[in-house]
Amino acid sequence: MAPRINTRDREALRVLPRLMQRKVDGALRGSVEDLRDVVGSLNQLKDVTPLLLPVFHAQLEAYPVPDRISPDVVPVIMLAKWSLGGIVQICHNLGSNISLGERIVHDAIASKWEMLFPWMQFFSNNFLPPSQRPAALPHGLSVSTYEALRITIHPLSTLCQFTTTGRQLMRMNPIVQAFFFRAWVIVDGLKSNDFADPLREGDKNLSALIRANMCSLSVICMEDTPASLPVSIIASAAGGTFPMASLALRYIRRMTKEVSNMPEPRLRARENVDFSSMTVCATGLAQAILFMQSLGDREGGCQELLLQIGSIRTVLSAVSTLWERLLTPAWNSSDNEPDIGLAARRRVLYIAYRYIGYSMNCANDSALVISQALQHGLLECLLRTGSSRAERVDNTKRFDDDHDIQLLKELPRFFVFSKVLRALHPALQRLDRVDLQERASQDPVLWEVWQSVDSAARTFTNFHELPEGAPFYRYRCCSLKCSLNFSEDDVTAYRCSGCMLTRYCSKDCQRDAWDSGHRVHCRILRSALGNQDVREIRKSLPVIAMIESWICEERIHEIMSLDKDAVKTSDDDRSIVEVDLSVYPIELNMYSLRDYFLVCASHTFEREVAESITTSEESPYGLVAVKVRLGREYYSLFSPATALGVAFGWTSGIRGGRYIHDHSHSQTPDT
């Protein structure tokens, strides 16, 4: 059946130049050459190009989609290729004109989706690797990888950009999702020469722009979608969960490399092609990070796997590689434009920081997340990427809106864990060598927060390096009659299954320790762990105890004031001060013992243990509890300083807020 258009559409074409009208007539008679010339002239026709949409639709409606490639369907395939290409070009010329674009995209794509999508699937299946096409194409058939990509992905991209119909398709239609993510996987594996466009020879940014487009579409697919559907479809397209996670990271690395390799724009303005390409690809990088976060956050996701294969390192590498290029001001009006200005480019960095903040709050081992981030330059990145004078930032909104400030403010609550402190000390040493004060102090809000964080970091790392900060019970037999030391990873050591803290070189030493007092100490030590077997708390207990002692000494007057105001339910009710290390600045809360166990119903210690502890009349305060947070979970610990003191004779060495310990009484094992 020959392509046909109605009388009204044919009359509208009379505004075209006569030569173009003859080409259109030839195309409607099935001439591939005439249709190719029509598409090649679209950029010159400008505003009248939508009048040609019926011609392109007629070509696609006239012929059924072939089952396979054969010589007899070559003209049909070529007519379909140029028709889809024409539709794509008309939509591409809309730019970002939303009001005009919504109407034209509806007419061009949305209203004809049921007809267009089978042709898009045909070109994807037959001309994108691995394809079903024969090794040698029939004479006259020419479809490059780039052309196949363009006519299969751009209609979907344009539909999502301008219409709610497109976004709904990506979010809810599993067939469209599977189609897109197959292309997502394919694009990752393509080489730069696969993106060659015969109409744009020498354009080295094509691969970056297409990948940026894929990143944006992938995020749309994850928005407001049933949790299990996208992850399973993506994993199926990628060949499994691990390949899916690896691909997500590889997109971030590729986009980082693409942006860093782009030539430095001579003019930072919208009309400069290099600058425009850089901002589009930087936005694509941000979308790739958002997509990775969505993969981890959904049911059936892979957050822990992403962390294991280097997501923190990858994200921080992107920040450290691109921050200067992204934040270099143009010193003209483009700095204030919403889509390409400094604020828009800064959002790329904020999305990276948001991913790190999300990971440290939600990961199973959040201490590992922070230690990895510190090792890979988190502090240097935060101090380098503060706002500059050129940005004209409203400092009153920095605390509420900006992920760098939020991330920096949350870091100190992790400084109570040994794993973090081991990474923090060399990170501080690197900062001392680099001296970023001049750059960071340009942002007064960032600099104020950093000075507070820096003070806490140096105080807590000092505690970690002192002999009292070492988890001595992990390196030596805890029997009083034995002096054997062993390595932390010694699998032959026996660990007490009650307190989960003490270790012994033999069953005999374990029985001897039980008879010598561990029978009583076991419950106290277990309560100091919050009755939970959390490895990071076990390894960090002496450091937590030192911080507890320091806070109680440093803020003794505040504690006494809280104790005086505490409401007790009976004369024999006792007060308990909670040192809240799950927030920073560290907070102090005072409860009656009865109310404390009502407030902290779970993840806390046994009330009987607290009631069994007596305090001297000279003590300015009674019982102490410590609250810490790892990932999503909060833990209430019975005073680690008291528990270690009762069980091992441990003392913090802190008096009056200062460290004055005599090392001769240290609990550190002999070396």
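V32, L35, R36 and V39 of helix α3 touch P75, M78, L79, W82, S83, G85 and G86 of helix α6. Contact here means heavy atoms within 4.5 Å. Sorted by type, the residues of this contact are seven nonpolar, three polar and one charged. In that sorting, Ala, Val, Leu, Ile, Met, Phe, Trp, Tyr, Cys and Pro are nonpolar, Asp, Glu, Lys and Arg are charged, and the others, Gly among them, are polar.

Before going on, a word on the model: it is predicted, so local features need pLDDT of at least 70 and side-chain atom pairs count only at pLDDT 80 or more, while totals for chains, interfaces and linings use all residues. Residues are numbered from 1 along each chain as its sequence is written, and side-chain values use heavy atoms, with hydrogens and water left out.

**The helices**

How do α3 and α6 lie against each other? Helix α3 (residues 32–40) and helix α6 (residues 74–92) pack at an angle of about 10°, and their axes are 9 Å apart. Axes are lines fitted to C-alpha atoms, for helices over the stretch in contact, and angles run from 0 to 180 degrees between N-to-C directions. The two helices are therefore roughly parallel, a label for angles under 35 degrees.

Helix α6 has 19 residues and spans 27 Å from its first C-alpha to its last, close to the 27 Å expected at 1.5 Å a residue. That expected span is 1.5 Å times one less than the number of residues. Is α6 mostly covered or mostly open? Mostly covered: 17 of its 19 residues are buried, where buried means under 20% relative accessible area with a 1.4 Å probe, protein chains only.

In helix α2 (residues 18–28), the buried residues include M20, V24 and L28. The buried residues of α2 pack against α1 (7–12), α3, α4 (42–45) and α5 (53–62). After α2 comes G30, with a positive phi near 100°. Helices (H or I, at least four residues) and strands (E, at least two) are DSSP runs, numbered from the N terminus.

**The sheet**

Now for the strands. Four of them form an open sheet in the order β4-β3-β5-β6, with mixed pairing. The edge strands, β4 (587–592) and β6 (633–638), each pair on one side only. Two strands pair if DSSP finds at least two bridges between them. Here is how the pairs line up:

| Strands | Sense | Bridges |
|---|---|---|
| β3 and β4 | antiparallel | six bridges |
| β3 and β5 | parallel | five bridges |
| β5 and β6 | antiparallel | six bridges |

I576 has Y591 in β4 as its bridge partner, V577 stands opposite V624 in β5, and V626 stands opposite L637 in β6. A hairpin of six residues links β3 to β4.

In a regular strand, side chains alternate between the two faces of the sheet. Both faces of β3 are covered: S575, V577 and V579 are buried on one side, and I576, E578 and D580 on the other. Helix α28 (residues 556–565) lies across β3 (575–580) and β4, running at about 30° to β4.

Conventions
Parallel < 35°, antiparallel > 145°, perpendicular 65-115°, else oblique. Buried < 20%, exposed > 50% of the residue type's maximum accessible area, 1.4 Å probe, protein only.
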